[in-house]
Amino acid sequence: MELKIPDLCLVVLVGASGSGKSTFARKHFLPTQILSSDYFRGLVADDENDQSASGDAFDVLHYVAGKRLDAGRTTVIDATNVQPGDRAQLIEIARRHNVLPVAIVLDTPEEVCLARNARRPDRDFGAHVVRRHRTALRKSLKFLGKEGFKKVHVLRSQSEVDDATIGYERLLNDLRHETGPFDVIGDVHGCRAELEDLLVELGYELVRDDEGRAVDAVPPGNRRAAFVGDLVDRGPDTPGVLRLVMGMVESGHAFCVCGNHEQKLVRALRGRNVQVKHGLAESLAQLAAEPEDFRRRAERFCDGLVAHYVLDGGDLVLAHAGLPERYHGRASARVRSFALYGDTTGETDEYGLPVRYPWANEYRGQAMVLYGHTPTPEAEWVNNTMCLDTGVVFGGKLTALRYPEREVVSVAAHKVWYEPVRPLVVPEVEREPDVLALTDVLGRRTIETAHRGRVTVRPEQAASALEVMSRFAIDPHELLYLPPTMAPTATSRRPDVLEHPEDAFAEYRSAGVREVICEEKHMGSRAVVLVRREGGAIHTRTGRAFFAEPLGSELLSRVRDAVTGAGLWDELDTDWLLFDAELLPWNAKATGLIKEQYASVGAAALGVLPPAVAALTAARDRGVDVGALLERTTSRLANAHGYSAAYQRYCWPTSGLDGVRIAPFQLLAAAGRTFHDRPHTWHLDLVARLTGDVFTQTRHLVVDTADEAQVAAGIRWWEELTAGGGEGMVVKPLANLVPNVQPGVKVRGREYLRIIYGPDYTEPANLERLRQRGLGKKRSLALREYALGLEALERVARGEPLWRVHECVFAVLALESEPVDPRL
Amino acid sequence: MLLTLTTTHQPATDLGHLLHKHPDRAQSFSTSSGTAHVFYPRADHEECTVALLLEVDPVALVRGPGSTLTQYVNDRPYAAGSLLTVALGSVFRTAMNGRSESRAELADTPIPLKINLPALPHRLVERLFTPLGWDVETRPIPLDEHEESRYADVTLTGTVKLSDALKHLYVLLPVLDGSKHYWVAADEVDKLLRAGEGWLAQHPDRELITTRYLARKRPLVVSALARLAEVDEVEPEELDNALTEPKISLAVQRRDALVKQLKEARASKVLDLGCGGGALLKALLEQPEFTEIQGVDVSAQALQVAERKLRLDRMSDRQRERLTLRQSSLTYADPALQGYDAAVLMEVVEHLDPDRLPALENCVFGVARPRTVLVTTPNVEYNVLFETLPEGQMRHSDHRFEWTRAEFRAWADGVAGRRGYTVRYLPIGPEDAERGAPTQLAVFTVGDTN
């Protein structure tokens, strides 16, 4: 005999001690699927038969069962379960996790049970126990269905137990094998004419009966229609809509989930006591004019509708009022109720209608959810969900979404068929599609990136980033990218420098990158510029606004004018652009840092070293032997002058925006596209077209790393850049993105590094020790942050929900909290 | 780092005897903070100058074990501070103790001294040295063309016993500097008391000196102050009285007002959003009617402070069960804030940029949505009545804005309208007829509050 059970369920074995439950379970299920009370007694009490431990044992068993059901794993409870109270707890657990409870009863004869127990020395509890179990079981048998078990299988003899096999059934809502393509249609509400218009618009061919009534529609190609419910009520021709949709469903041309109006119509047709409101009266009147067998057919059809469908391997979910991810593919009264009615806050609005809980704002699921129920003026994406009810019956539109194309198709209502109770606008506070949740960023997180696989953020990294992001960063809607950290080139072995271009060229050459571009390093602050046709933002590498208002807007408008002047809006077919840039001078942002640290050290050094030299000179003149110390101190004075000159190069007076320069060097993204597959020369040529006083160019040189002459030219170029204290250069693969290769390495100048490693770093004894620096962590961090940044850009370009973009941006900031040698 | 010390006591070369360092030799000593060089730029009958030059290894300073400095670009190798103190204490230890076998009497005699420190953080120098009998001359070192740096070329002149002069420097150089280069340990208290013997207990700024010398480690400070009191046979309260506040502070009035409102709202489950170090949580825990209290802050560090201040580790199980501390953010939706009767945002909104307030509104009034929300914020109109607050300056450096009463009402009325709450306003603190009270409170309620 085959015992049919749903492919996701909680199997409750019921039988006396010795009835063969454990043997049965082992035969038909995986060891990990079986939760045995004996085993859990052993876990908590070191003795599988210690009945005094049963309470604790079941606590743990129930907890584990809950975790398994949460994860969607069929679970088998191996315990006697002969008492209704024990079973009630298990049914409650199944319901709480929205899976169906199933009972399999082993009604094994008493003598068999006793004989089995007699063979086991640990079961010496006597025949009365088995007898008591069997009495309880027999009393329970006919109530199991009523208790809530969706299926009850009773095996009445040993041969039935031996012959039983388990057969799995798909749940009614499981249409994962249906892969589409689909045309998903919103709430129709009796608007037959508009439905016919829409089907024609979608390329369906209407089939009419002798009386000219549409009874089916043949889809184009292999497409199928899918309705999100509320076919009926309010509109002029509910019977006509039902006739057409029933025909489509019966011929396999359409799927349909149940709406709350179908649910109520069924109850009304069955003569139940329902309030005839919200357009039900119209349906009942129209159906009254139809023949009895049509009414019966309509009633059967509506009654048989499933509350939600999971389609296309789990990537698409249809439910009339939407469905959170934890309910996808689950079955319980709660799931059905959510799918039909949605979630309400318990409050009512000024029109007396229930305030609906904006579940889609919190939706973070992987599947696309299409639904209706709440009329809105336009179908809009909210976190990969879309409400397709555009209020056709209220004079709005009837809307369909082509899946997987994500293309919206609408037809206008012929007229206002039914006056809405409240106007067809969404209240201000409900229109917050991009609400970010704490759970989007906090805790241990793993982000799947296209270019470097999984990147993990540890909880403590996220915790420190949360404060920075919440208190200092700009609005996440404008914070679409944070730049990655950049590693320096491998430490030079030359005696007089710490960094040298030859190592950068060699690194790329050995990684198989022939052409690299050297870009002048502006000693400024990294800036990300988001410019929209209206609005935008300029922020730092930790997401803070660069300038207080109105300066920020002023600078942004200069960038916008330049973009307009260069004709980039049309050329790139976009209304926003995201640039990676350097903002100068250094002191425009880092005033505090410069004063507190760099200038102060210069002042102290130049305050103390001249008197020290003077005192030593005086002592030497007296004949005291201080020669070596005097020499060292004089050298340190020269270093201090070099240091002061180095940092002062990067500071110049600014007033408002006067003196501020911006050097964009890469176009990161625009509507629908990213550009990390374009060579850097493309980017530099593009940004060179941005003209205006506020822009400054980035000098650059392309080097073939396999060509000695070009490498030598690259070294010379760097030497010229840095001789006067210039910061140095960044070397990047010319082609831009090269998988698993550093996106760029910096090669900093000898004088410049005084402000990083201290004035005296060039003293040979100091240099020798400073060469011992570990670059591995920084380089690994750079690659991970780069991958996260690109992931953010690609998600933005694809139009993904804000939380998907924000988790990447947040992760970059979180990784930056990792302690890394700040001088690298 | 350089220090020179000059005397015109004659014969001036006796300085060499007092310091146990021969005037015609240059000597080098390896100390824990670097190599200390002692030499005499001048040594004759009229005048004798000793120089202490400390050469610090900047790489070892950062890389050495137990180092707390993270930047190579650092004033430590140049400015007079704790490193110089260590060298001073090691090189001139005997002289500092006032012992001199060859010139015992001179060691016990005040002599004319001039001490020069070419780069010294000078903000407190006059305040600290003048009471000890020094004339202080400072020439600030410029930072750039426009500003002065925090260092000055400082010359101290006075007639002082050499050992006292060295003790003054030993204690006050790190105090002026404010940041010690090594972790302050308990034996620092002993060092301070030894070097401060005979002068520190009478110094008008002894608390400041103690606090800064011990790098603001509160338990150590208290212990040092108590022991100072013991040494000088005075009551510790007398020394500590500057720390007690004479009248009920605004912060206390704010907490009292909030507790009163929460009781009136009959709230038992209460959220403290932005709880910081837990000052309000403490007040809430004292009221048994608040049965479930959740303190939330965006800063994990603040929560640790709260945990310590509320002594969570020794709280009884019953008390402990009433309180939850959690990291969360008011700009992210957090469903764990649902199900509470009331939420308090005490002096929180002004720490957010105005364009993030809609996110806060959604988090508090949309997602958490308790029946009662209490919001306090400064009333900027009142600021002119704070004597110590410069005009136009906000009350806290992190305040992103401070609202007038009208501005606060405009925001709160908007929130209430959008979210279906009603709102009323109350003053907290002494009310000025024209400018209102220093703190303004908005009480938001939704639904049936009876």
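In what order do the five strands of the open sheet in chain A stand? The model is predicted, and in it the order is β28-β27-β29-β30-β31, with antiparallel pairing. As a general point, strands of a sheet pair through backbone hydrogen bonds, either parallel or antiparallel.

The edges of this sheet are β28 (536-539) and β31 (673-674) of chain A. Each has a single partner strand, so one side of each is left without a neighbour in the sheet.

Strand β27 of chain A, residues 525-532, is joined to strand β29 of chain A, residues 576-584, by eight bridges, and the two run antiparallel. One pair to look for is A:L530 with its bridge partner A:L578 in β29(A). A helix also packs on the sheet: α18 of chain A, residues 551-565, touches β27, β28 and β29 of chain A. The direction of α18(A) makes about 65 degrees with that of β27(A).

Is strand β30 of chain A mostly covered or mostly open? Nine of the 10 residues in this strand, which spans 661-670, are buried, so it counts as mostly covered.

The next subject is the division of chain A into domains. The domain assignment gives domain 5 as 523-585 + 660-697 and domain 6 as 591-648, among others. The C-alpha centres of domain 5 and domain 6 of chain A lie 43 Å apart.

Chain A also touches chain B. How many residues does each chain give to the contact? Chain A gives 46 residues and chain B gives 50 residues. On the side of chain A that touches chain B, the elements that give two or more residues are α16 (459-471), α20 (587-621), α24 (754-757) and α25 (764-770) of chain A. The largest share of that side, 16 residues, comes from α20(A). Sorted by class, the side of chain A that touches chain B has 29 nonpolar, seven polar and 10 charged residues.

Technical notes. Residues are numbered from 1 along each chain as its sequence is written. Chains are lettered from A and ligands numbered from 1 in the order in which they are written. This is a predicted model: local features need pLDDT of at least 70, side-chain atom pairs count only at pLDDT 80 or more; totals for chains, interfaces and linings use all residues. Two residues are in contact if their C-beta atoms, placed from the backbone, lie within 7 Å. Helices (H or I, at least four residues) and strands (E, at least two) are DSSP runs, numbered from the N terminus. Ala, Val, Leu, Ile, Met, Phe, Trp, Tyr, Cys and Pro count as nonpolar, Asp, Glu, Lys and Arg as charged, and the others, Gly among them, as polar. Domain bounds come from an automatic or database domain assignment. Two strands pair if DSSP finds at least two bridges between them. Axes are lines fitted to C-alpha atoms, for helices over the stretch in contact, and angles run from 0 to 180 degrees between N-to-C directions. A residue is buried if 20 or more other C-beta atoms lie within 10 Å of its own, exposed if 12 or fewer, and partly exposed in between; C-beta atoms are placed from the backbone.
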